[in-house]
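Colleague: I am new to this one. Could you walk me through it, one question at a time?

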Amino acid sequence: MTSSPAAPGSRLASRLGFSDRVFIGRAARRVADQIELGLDLVENGLAEDLRVADSVADAASRYLYEAGGKRIRPVLTLLTAQLGEGNIPAVIDIAKALEMTHLGSLYHDDVMDGADRRRGVPAAHAVWGNSVAILTGDILFSRASQLMSRYGDRAIRLQADTFERLVMGQLHETVGAQPGDDPIEFYIQVLADKTGSLIAAATQGGAIFSNAPAEFVEPLRLYGEKVGVAFQLLDDVIDLSAKPEETGKVPGTDLRAGVPTMPYLLLKAETDAASAALAVQIDEGVALIADGADPAILDQPLAELRDHAVTQKTLELARTWTRDAIDALAPLPKGTVREALTRFAESLADRSS
């Protein structure tokens, strides 16, 4: 006996990480149906638009797309487009372009981070080498720009501004805070640039290119930016989890690689002797790992950081950003779109509980 396929509202809620109660009712189900139909158009379009005549470039360009993913950015674009004319061709193309931009950034990120795997498969640079992986990301960025160029200056500017922020976020994460910078404010800006900018492009892009009321665009931009920061702050908490079978990463992966996270930065700002001593232990361990030591030397210090009050402070900070994101939606009309965006933001905090 075969099971029946999940209802559109159930599938959509699963992508966004919450229960399908948001999509109960005839009007709500219509919204869910439209988003699912739009997502099919996006998926089919991506499969075609990512084809390249060169065989190596073709295989590499489709590699991470074919590895899967929840397509959160296209879903958010399609969702906010329901405030306007819905799944018109411009909205589908914008959703495809932003997903291509996201995919292209993953190729680059994995090279810079030295990540071995992505979406359950070997990272592209592990298959083809760093140069091919970087150039493949560039191909995806160019394809995204081609799609955006169909819709005039506003689309081109949205893509260019978002791409610049992605690059600046990665650059600032790489070089770190400079003398005179507040490390925590600097880090928040990195998160806003690396993650918030693209989610904000998705949420406002759906409204702009579906011809939704102009007064919805700025609230949706603010919402996307704040949700992106909240997402990354929660990732910092999850990174310290003692359950790698659930998170998919060794606890403290980022810190072991020398990448600062919010709990570490808050720890450095503490003034008591115990916190200062723990920060020194972590710094010394990171330096030793960079010189070839076993990463396990940080197991105990990172376990202490996980249980430290600064990790709870990070969680509380993430929840503040989540609440601010939801508050930004106040100018939107009550209904399925606003409720789904609210539940998506709330579901982020649930990941850490």
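Colleague: In which loop does arginine 71 lie?

Modeller: This is a predicted model. Arginine 71 is buried, at a relative accessible area of 4%. Its phi is near 55°, a positive value in a residue other than glycine. The loop that holds arginine 71 is the one between α3 and α4 (72-81).

Colleague: Is asparagine 211 buried or exposed?

Modeller: Asparagine 211 sits in the loop between α9 and α10 (217-239). Its phi is positive, about 60°, although asparagine 211 is not a glycine. Exposed means over 50% relative accessible area. Asparagine 211 has 52%, so the residue counts as exposed.

Colleague: How many helices and strands does the chain have?

Modeller: The C-alpha atoms fill a box of roughly 60 × 55 × 50 Å along the principal axes. Within the chain, the count is 17 helices and 2 strands.

Colleague: Why is the chain called as compact as a globular protein of its length?

Modeller: The globule rule gives 20 Å for 353 residues. The chain's radius of gyration is close to that, so the chain is as compact as a globular protein of that length. The radius of gyration is 21 Å.

Colleague: What percentage of the residues is buried?

Modeller: A residue is buried when its relative accessible area is under 20%. The accessible surface of the chain is about 16,300 Å², and 54% of that belongs to carbon and sulfur atoms. Of the 353 residues, the buried ones make up 50%.

Colleague: Which residues does leucine 233 contact, apart from its neighbours within four places in sequence?

Modeller: Leucine 233 is among the residues with the most contacts inside the largest core. Across the chain, 70% of contacts between residues at least 6 apart in sequence join residues at least 24 apart. With its neighbours within four places left aside, leucine 233 is in contact with Tyr187, Ile188, Leu191, Met262, Thr314, Leu317, Ala318 and Trp321.

Colleague: How far apart in sequence are the parts that aspartate 49 and lysine 96 tie together?

Modeller: The two side chains meet in a salt bridge, at 2.8 Å from N to O. Aspartate 49 lies in helix α2 (residues 26-49) and lysine 96 in helix α5 (residues 89-113), so the pair ties together parts that are 47 residues apart.

Colleague: Which helices does the salt bridge between aspartate 193 and arginine 165 link?

Modeller: The side chains of aspartate 193 and arginine 165 meet at 2.8 Å, N to O. Aspartate 193 is buried at 7% relative accessible area, while arginine 165 is partly exposed at 24%. The partners are 28 residues apart, in helix α9 (residues 183-209) and helix α8 (residues 152-175).

Colleague: How many salt bridges are there in the whole structure?

Modeller: One of them joins arginine 306 and aspartate 307, with the closest N and O atoms 3.7 Å apart. Salt bridges that share partners also join Arg165, Asp193, Glu218, Arg221 and Glu225 into one network. A search of the whole structure finds 19.

Colleague: What kind of aromatic pair do tyrosine 63 and tryptophan 128 form?

Modeller: The structure has 2 aromatic pairs. In this one, the centres are 5.1 Å apart and the planes stand at 90°. Planes over 60 degrees apart count as edge-to-face. The pair of tyrosine 63 and tryptophan 128 is therefore edge-to-face.

Colleague: Which helices hold tyrosine 63 and tryptophan 128?

Modeller: The pair links distant parts of the chain, 65 residues apart. Tyrosine 63 is buried at 17%, and tryptophan 128 is partly exposed at 28%. Their helices are α3 (residues 55-66) and α6 (residues 124-128).

Notes:
Residues numbered from 1 in each chain as written. Predicted model: local features only at pLDDT ≥ 70, side-chain atom pairs only at ≥ 80, totals over all residues. Heavy atoms only, no water. Salt bridge = Lys/Arg side-chain N within 4 Å of Asp/Glu carboxyl O. Helix = DSSP H or I, 4+ residues; strand = E, 2+ residues; numbered from the N terminus. Buried < 20%, exposed > 50% of the residue type's maximum accessible area, 1.4 Å probe, protein only. Phe/Tyr/Trp six-rings, centres within 6.5 Å; stacked < 30°, edge-to-face > 60°. Core = buried A, V, L, I, M, F, W, Y, C linked by side-chain atoms within 4.5 Å. Contact = heavy atoms within 4.5 Å. Rg over C-alpha atoms; globule rule 2.2 N^0.38 Å. Areas by Shrake-Rupley, 256 points an atom, 1.4 Å probe, with all protein chains shown as cover.
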